Structures are given as C-alpha cells and as structure tokens.
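Subject: Handing over a structure

Hi,

Here is the structure I promised to pass on to you.

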Amino acid sequence: MGIRTITTTRMLEYDFMRTAFMASGIAAILAGTVGFFLVLRGQTFAGHALAHVGFTGATGAVLFGLSPLAGLVGFTFVSGIGMGLFGEKLAERDVAIGMMLSLALGLGLLFLHFYTTGATQAAALLFGNVLGVDESALITLGLMALGGLVALAIIVRPLIFASLQSELAEARGVPIRFVSVAFLAIVGVAVAECSQIVGVLLVFTLMVGPAAAALNLTRRLPLGVALSAALAIAEAWGGLTLAFYTDWPTSFWITALSGMVFFGAATVRRFAG
C-alpha cells in the first residue's frame, strides 16, 4: 500500500487510532520514568530478561485459557520480585537473572509446543499489536501505569540514594534489599505495559532507549526523568503516525525512532563534552 494522502485530523477520527495513541502514551510515560532509574542503576539486563520472562507467562496463560495480559503481568511482577531478592552485587545478580531467563524461555518453548494453534497470538506477544488494544485493555493499562507511578513515587527518595551511593545508603539504614525488590516489581509492571505496545522482543527500545538518551543529554535527575518520559511519548506517537501513513509495522517505527534519538543524543554528548 502506498503512502496515504490523508490528514492527521482524519487519522484521529478512527476509534482504534485514538485508543492506540492513548495506550501508547500511557505505556510510554511509565516506561520512560521507570526506564530512567533502570539505566541509572545499571539494571538494563534485568529489564531485558523480564520481557522474555513475560512471554512465558503470556503463552502459559493462553494455554490454560486465561488472558495473555494477566499472565504477562503476573509473571513479570513475580519475577521482578525474585530478581530483586538476589541482592545488589552485580555478578551474583546477573547470574541469577540469566538462570531465571533460561528457565523461563524453556517453559515458554514448552507452552508453545502444546499450544500449536496460537501462532498469531504468539507473534502479537513477540512484536506487539498496539492497534489491537481495546477499551477494557486500555483501562487496565491506565490502572497499571497509575499503580506503578504511585509505587515509584513512594520509594523514589531511597531509590535515588541507593542508586547513587549504595554503601552510604546502607550505612544510613536504607533498606537496600526492600528497595531493590520493590523497584524490580515496578519494572515488571512497566515491562508488561511496554509489551502491549512493541512486544516482548522490543521492550528494550521503549524502556531503555529514551532513558539512555536522556542521561546523555542531562545529569539533573528531575529533568532527566521528565526528558526520558517525553522522549518515550514522542517515539511512541511518532511511530504510530509513521505506521499509519506508510502501513509499515508500528514497532519498527518506534524502534527506529528510539535508535535515532539515542545515537543522536550520544553524538551530541560526545562533541559537546
């Protein structure tokens, strides 16, 4: 199909497009905000692993006749808590996360083996289908985002302290383990939201790309969080718009925009610094 010659106003006349814009905007706000702290703490591997773990939860839920979103949220939330319990030591944490990821992918393969008729649903889980989000799913995404942002606001001060000066925070009595567990549980919710937009294989692009770009442009925490969320929204909405006019996959455009923004920000930092 060729390039569409209709206006943006006409694009927003479609119910599914308005729903997609709202869903992607909600997910982007949570992804950009949570992703900033994920990058700041050096836990991007955990976010990447949670996305793949979520695929196992979603396929398992479909196999047993449940909602894929319920399985996705449940698995990522519980796995986030489990990852947080392995402590703050990088080597210990990454080995544990790697093992959990391997086990989850093995289970996902087993679930797909038994559910041979779910190829279409599996593809949607892997690469996202924001245009297929309905009103009930939109409400669920909104409630998840609100809960995630409220939870993040509650732990944000000890989280920042533990992220920047973990040894001093521990000496001052900050509950490092609790903060880590709570934060990764929130990451699990954010991953589940992103998966509805770009799929589990591309969660990294919406959660980590805008945050990494923001950290390349500023080291001021409030500004960095706001910039990360703004970039995530711009990439999600820009991807939707370009997909509508070109008929190319939305996830591709979001990924392409995220890559362009990140490398552009990295170039600016290199030459400005």
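In what order do the elements of the protein run from the N terminus on? They run α-α-α-α-α-α-α-α-α-α-α-α-α. In total the secondary structure comes to 13 helices and 0 strands; helices (H or I, at least four residues) and strands (E, at least two) are DSSP runs, numbered from the N terminus.

A word on how to read the notes: this is a predicted model, where local features need pLDDT of at least 70 and side-chain atom pairs count only at pLDDT 80 or more, while totals for chains, interfaces and linings use all residues. Residues are numbered from 1 along each chain as its sequence is written, and side-chain values use heavy atoms, with hydrogens and water left out.

**The overall picture**

Of the 273 residues in the protein, 49% are buried. Buried means under 20% relative accessible area, exposed means over 50%, and partly exposed is in between (1.4 Å probe, protein chains only). The protein exposes about 13000 Å², and carbon and sulfur atoms supply 70% of that area. Accessible areas come from the Shrake-Rupley method with a 1.4 Å probe, and for residues only the protein chains shown count as cover.

Contact here means heavy atoms within 4.5 Å. Among the contacts with a separation of 6 or more, 77% join residues 24 or more positions apart.

Helix 2 spans 15–40, and several findings belong to it. How many salt bridges are there? The count comes to 1, taking a salt bridge as a side-chain nitrogen of Lys or Arg within 4 Å of a carboxyl oxygen of Asp or Glu. The partners are Arg18 and Asp15, whose closest N and O atoms are 2.1 Å apart. Because they sit 3 residues apart in helix 2, Arg18 and Asp15 are separated by about one helical turn. Side chains of opposite charge can pair when their charged atoms come close. Arg18 is partly exposed at 36% relative accessibility, and Asp15 is exposed at 51%.

Phe16 also lies in helix 2 and is partly exposed, with a relative accessible area of 36%. Together with Tyr14 and Leu131, Phe16 makes a nonpolar surface patch of about 240 Å². Patches are made of residues with over 30% relative accessible area and no salt bridge; like charges are joined within 9 Å, and nonpolar side chains (Val, Leu, Ile, Met, Phe, Trp, Tyr) within 5 Å.

Leaving aside neighbours within four places in sequence, Gly25 is in contact with Ile233 and Trp237. Gly25 and Ala230 are 205 residues apart in sequence, yet their C-alpha atoms are 9.6 Å apart in space.

His52 has its place in helix 3 (residues 44–63) and is buried at 15% relative accessible area. Its side chain makes a polar contact with the side chain of His48 at 3.4 Å. A polar contact is a pair of N or O atoms within 3.5 Å; within protein, one must be able to donate a hydrogen and the other to accept it, and residues adjacent in sequence count only if both atoms are side-chain atoms. Not counting residues up to four places away in sequence, His52 touches Leu101, Leu105 and Leu201.

Ile160 lies in helix 7 (residues 135–164) and is partly exposed at 22%. Apart from neighbours within four places in sequence, Ile160 is in contact with Phe37 and Leu221.

Helix 11 (residues 209–217) is mostly covered, with 8 of its 9 residues buried. Those buried residues include Gly209, Pro210 and Leu215. What covers them includes helix 2, helix 10 (203–207), helix 12 (221–246) and helix 13 (250–272).

Helix 12 has 26 residues and reaches 37 Å from its first C-alpha to its last, close to the 38 Å expected at 1.5 Å a residue. The expected span is 1.5 Å times one less than the number of residues.

Most residues other than glycine have a negative phi. Asp247 lies in the loop between helix 12 and helix 13 and is partly exposed at 43% relative accessibility.

Best wishes
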